[in-house]
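Please open the model in a viewer and keep a selection tool at hand.

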Amino acid sequence: MALDKPYLDVPGTTIFDAEQSRKGYWLNQFCMSLMKAENRTRFKANERAYLDEWDMTEEQKQAVLARDLNWCISTGGNIYFLAKIGATDGKSFQQMAGSMTGMTEDEYRQMMVAGGRSANGNRVVGEDGDAQAQNQPQGAAGTMKD
């Protein structure tokens, strides 16, 4: 039985709660496996074969293969675990965060140095701030893959 979750109306945000944790358990375990050099080598040699060793959903595997971090998060991924994929690909956390917003690394850095996104228009779903879904990259626009 799902609990009442008043935080579901935070625009541009998937809260990593107990439900998301259960949903993404194997995805996050896969990510943690990338802490070992031999696993990174195996993954890069044949990504699909390595992913098939994990009890992840097909959607989670496709999200990883696409390097679509927003999609990974929606399927239960936690950004701190997902960072291992970026590191395996030689990406900085800043590059990864930029990809999630549709910004270049430099644009993302400049936004953060300037104080980040404004809370104006971004407090609840339905406003018109830049974190609202209608103002976010869709599909491959925000992916990390080169």
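Does Glu47 count as buried or partly exposed, and at what relative accessibility? Glu47 counts as buried, at 15% relative accessibility; buried means under 20% relative accessible area, exposed over 50%, and partly exposed in between, with a 1.4 Å probe and protein chains only.

The model is predicted: local features need pLDDT of at least 70, side-chain atom pairs count only at pLDDT 80 or more, and totals for chains, interfaces and linings use all residues. Residues are numbered from 1 along each chain as its sequence is written, and side-chain values use heavy atoms, with hydrogens and water left out.

**Stop 1**

Lys44 is partly exposed, with a relative accessible area of 42%.

Next, select Arg67. Glu47 forms a salt bridge with Arg67 as well, the closest N and O atoms being 2.7 Å apart. The pair connects distant parts of the chain, 20 residues apart: Glu47 lies in helix 4, and Arg67 in the loop between helix 5 and helix 6. Helices here are DSSP runs (H or I, at least four residues), numbered from the N terminus. Arg67 counts as buried, at 3% relative accessibility.

Then select Asp89, whose side chain meets that of Lys44 in a salt bridge (2.7 Å, N to O). This pair also links distant parts of the chain, 45 residues apart, with Asp89 in the loop between helix 7 and helix 8 and Lys44 in helix 3 (residues 37–45). Asp89 counts as partly exposed, at 21% relative accessibility. With all of these residues displayed, one network is in view: salt bridges that share partners join Lys44, Glu47, Arg67 and Asp89. The structure holds twelve salt bridges.

**Stop 2: the aromatic cluster**

Select Tyr25, Trp26, Phe30, Phe43, Tyr50 and Trp54, which ring pairs link into a cluster. The structure holds seven aromatic pairs; rings of Phe, Tyr and Trp (its six-membered ring) pair if their centres lie within 6.5 Å, and planes under 30 degrees apart count as stacked, over 60 as edge-to-face and the rest as tilted.

How are the rings of Tyr25 and Trp26 arranged, edge-to-face or stacked? Their centres are 4.9 Å apart and their planes at 85°, so the pair is edge-to-face. Tyr25 is partly exposed, with a relative accessible area of 43%, and Trp26 is partly exposed at 36%.

Move on to Trp26 and Trp54: the ring centres are 6.3 Å apart and the planes at 50°, so this pair is tilted. Trp26 belongs to helix 2 (residues 25–33), whereas Trp54 sits in the loop between helix 4 (47–51) and helix 5 (58–66), 28 residues apart.

**Stop 3: helix 8 and its neighbours**

Select helix 7 (residues 79–88) and helix 8 (residues 93–101), which pack at an angle of about 110° with their axes 10 Å apart. Axes are lines fitted to C-alpha atoms, for helices over the stretch in contact, and angles run from 0 to 180 degrees between N-to-C directions. Helix 7 is thus roughly perpendicular to helix 8; angles of 65 to 115 degrees count as roughly perpendicular, under 35 as roughly parallel, over 145 as roughly antiparallel and the rest as oblique. Display Ile79, Leu82, Ala83 and Gly86 of helix 7, which meet Phe93, Met96 and Met100 of helix 8.

The axes of helix 8 and helix 9 come within 8 Å and cross at roughly 95°.

Finally, select Gly102: just after helix 8, this residue takes a positive phi of about 80°.

How values were computed:
Helix = DSSP H or I, 4+ residues; strand = E, 2+ residues; numbered from the N terminus. Contact = heavy atoms within 4.5 Å. Salt bridge = Lys/Arg side-chain N within 4 Å of Asp/Glu carboxyl O.
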